[in-house]
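Please open the model in your viewer and keep the selection tool at hand.

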Amino acid sequence: MEDHIAGPTELRGDCERCFGLCCVALPFAAATDFAIDKAAGTPCPNLRGDHRCGIHAKLRQTGFTGCTVYDCFGAGQKVSQVTFGGQDWRTVPRAESRRMFDVFPVVRQLHELLWYLTEALTLPAAQPVHAELREALRATDALTRGTVEELGALDVGVHRQEVNVLLLRTSELMRAGAKGKKKDRRGADLMGARLKGADLSRADLRGAYLIAADLTGADLRGADLIGADLRDADLTDADLTGAFFLTQPQVNAARGGAGTRLPGSVVRPVHWAAGL
């Protein structure tokens, strides 16, 4: 019988099956995204005893925008229910809870890779590398199911580089035929750029800095958006149909509206309708 591999629904955070790990394990600093400083391994003061957020309904209004754009890609429930077998960090020895907090970011990175690999396998143009993508998917999924010791010793950066070779090849196959210097914006500094109505179809925007960029009405069909920073970017009436390697946290961090066309891999953020 073939090993079970996480599907798309398992690659989204399920807070009901997690013990609030992101609210404890991760650090944040008081800035535009967070109202306070919090050290790694320290529970957020808004975290209740039942592992729910006490201000969930008003996170943006109270200065915790960063919480509303975050997604663990399902790593929270994997660490809570699989790695540590349903143990609550509140009830185990402190040394054990620290191990939970150390492992969580590692599994989160692996789950993000699972998201990209799973999406790549749905792209017909990437057919020439589907066999390699499937093998990378199986290998990455197996890593997420490792022991605490194995996850702690894992050099996740090396694994990311290996997977990235396949994701780059996927991008090349997807964007074949794209011409012009403006289509190659990989890692470009486009912070605050005026790109209203710009033709960025099939553009390479991997790792591009699009913070607060005006992408109103822009054509982003078939663009590679892996790692692009879309914080506060205006996607009003932009067309992202067929854009790939776009994650929910990226969309959540941007601004948009009813006229924004999104790929089926992500959902329209609720806060867009509220204008927040």
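In which loop does aspartate 219 lie? Select aspartate 219: it lies in the loop between helix H7 (156-174) and helix H8 (248-253); helices are DSSP runs of H or I with at least four residues, numbered from the N terminus. The model is predicted, so local features need pLDDT of at least 70 and side-chain atom pairs count only at pLDDT 80 or more, while totals for chains, interfaces and linings use all residues. Residues are numbered from 1 along each chain as its sequence is written, and side-chain values use heavy atoms, with hydrogens and water left out.

Aspartate 219 counts as buried because its relative accessibility is 16%; buried means under 20% relative accessible area (1.4 Å probe, protein chains only). Next, select Ala198, Asp199, Leu200, Ser201 and Asp239, which aspartate 219 touches when residues up to four places away in sequence are not counted. Contact here means heavy atoms within 4.5 Å.

Now select helix H3 (residues 75-83). Of its 9 residues, 7 are buried, so H3 is largely enclosed by the rest of the structure. The buried residues of H3 are Ala75, Gly76, Gln77, Lys78, Val79, Ser80 and Thr83. After H3 comes glycine 85, whose phi is positive, near 55 degrees.

Note on methods
Buried < 20%, exposed > 50% of the residue type's maximum accessible area, 1.4 Å probe, protein only. Helix = DSSP H or I, 4+ residues; strand = E, 2+ residues; numbered from the N terminus.
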